[in-house]
Amino acid sequence: MVLKIVEILRFWLAFFTARIVTRILKLLGRNATQLPGKLAIKIFPNFLQKIAKPTHIIAVTGTNGKTTTANILTSTLKNLNIPVINNSLGSNMAEGIATLFLQNVTLIGQKTKAQWAILETDERSAHFVLPAIKPEFLLITNILRDTPRRNAHVEYIASFIAKYVPKNTKIIKCYDDPVAMTIAPNNSSYTFSILPQPDESQKETLLNDCYYCLTCGNKLNYTFRRYDHIGVYSCTGCATPKPPNLLLTSTNPQNNNLIIHNDTDTKEFKRLGSNIADSYNLLACVATLNYAGFTLVDIAHALSKVELPPSRFNEKQWGEYRVVQRLCKTLSPLATSLAFDSMNNESPETEICAIIIPDYLKNNPQESQFWMYDTDFEYLLNPRIKQIILAFSHAEDFLVRCAFAGISLDKITIIPNSENVVKNINWNEINTVYLFNDIFSQAESQRVLNDIQLHIEKENHD
Ligand SMILES: [Zn+2]
């Protein structure tokens, strides 16, 4: 009894302290997206569990696509005239989610305002967040390998999430991902899949994080591998799973719309983005909302009004040169391989200079180099790539990897930083420049882009 009273008092102390701090932060013109929740959890660790929450919570987790799918889901629900909250402004960890719930309750915390919440949830916070919020739905976009220190092992991440999924939570997962499919097999679930498309070829790739079935240990048989372990597979040791609940079969050649089927209906959906990862994000959202009770017709109508924010892809045409700037998430073999592969669909007349300026050791000088040997540097063997400029302080590591890939070292220029990149471009040999940076070298990339623009404008003027 005494313990119960102490618990209630601690909750209210946490609640009102967080409320007062929110008010003070707002008066100071500061963001109140993290600190109030952090303080509340500090005062009362079960705060997230006890605070009043919306009836329908959709948690979104996975390696890639969390933010995009959470944003699409929120916009679609808004277009369906459903009041919804999400944690897009705060963090995707417990503190950000606690702050969001605090803002969604009435003054004394008894009632919630919005009855729907879309919560991007960091997969490494699953142990704290999932048991506390008990989401009605959990969307798992995919489980892929990420940076070495954060997530070098997909089986570990999958088992970590699986351990903390509440038993009544309904799971939406990617049928084409043999790792995600093993999570919470006894929970109710809804799956989505993309059939191999007519224009889609199976690529040679080094990366496969799931050779063996995580359920029975037998070797998986892939008949189509899209990237990493995502594709069409079967297991000799397990029973054939039931077909996916939602299937993207093809594209309408007239308008490029995606044709999506569930058990009873077929509907066309406007594309959001052009690549296959964009299609998976859209399909994941349709699957989640369909599972939550919305019809394909209503979802398609609401989704048709959603726009994606500008991508991490920037393309310019300056005079006779085309310049493409794109994010290349180093330390992630898949993201870097996909970035390199983006050059392989160019027309035969394109002659490319690839400038690579990552700075992944800037904040983590002790980071391992092994990720490079799972990355498809072989995609840089493309004969249209006439020159590769490595412009960063530890470029020799990349040079060794390029040599292992069989790339002619005559093509490669190493310079210690991004300052003199423009002078080193063989402008007479190329008509396209690809500029790859990671999140730590965005400023350098922008400077190189500005230098390139100035150089081209000057050349045209002369
Ligand atoms: Zn199996």
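Two residues are in contact here if their C-beta atoms, placed from the backbone, lie within 7 Å. Keep that in mind as we walk through this predicted model, in which local features need pLDDT of at least 70, side-chain atom pairs count only at pLDDT 80 or more, and totals for chains, interfaces and linings use all residues. Residues are numbered from 1 along each chain as its sequence is written. Helices (H or I, at least four residues) and strands (E, at least two) are DSSP runs, numbered from the N terminus.

Let's start with helix α1, residues 2-27. A residue is buried if 20 or more other C-beta atoms lie within 10 Å of its own, and in α1 the buried residues are A14, F15 and A18. An α-helix has 3.6 residues a turn, so residues three or four places apart point the same way. The buried residues of α1 pack against α2, α3 (47-50) and α5. Just after α1, G29 takes a positive phi of about 75 degrees.

Two of those partners also meet each other. Axes are lines fitted to C-alpha atoms, for helices over the stretch in contact, and angles run from 0 to 180 degrees between N-to-C directions. The axes of α2 (residues 35-43) and α5 (residues 94-103) come within 7 Å and cross at roughly 100 degrees. The two helices are therefore roughly perpendicular (65 to 115 degrees) to each other. From α2 the contact uses P36, G37, K38, A40 and I41, while α5 brings A94, E95, G96, I97, A98, T99 and L102.

Now turn to the sheet. Strands pair if DSSP finds at least two bridges between them. Nine strands form an open sheet with mixed pairing, in the order β2-β3-β1-β4-β5-β6-β9-β10-β11. Its edge strands, β2 (84-86) and β11 (266-269), each pair on one side only, and the twist averages 20 degrees from one strand to the next. Within the sheet, β4 (residues 137-140) and β5 (residues 170-174) run parallel and are joined by four bridges; F137 has K170 of β5 as its bridge partner. Helix α4 (residues 66-79) packs on the sheet, touching β1 (56-61), β2, β3 (116-120) and β4, and its direction makes about 165 degrees with that of β3.

Finally, look at a hairpin. Strands β12 (residues 313-318) and β13 (residues 321-327) run antiparallel, joined by six bridges, and K316 has V323 of β13 as its bridge partner. Two residues lie between the strands of this hairpin, where G319 takes a positive phi near 55 degrees.

Definitions and conventions. Parallel < 35°, antiparallel > 145°, perpendicular 65-115°, else oblique. Buried ≥ 20, exposed ≤ 12 C-beta atoms within 10 Å, placed from the backbone.
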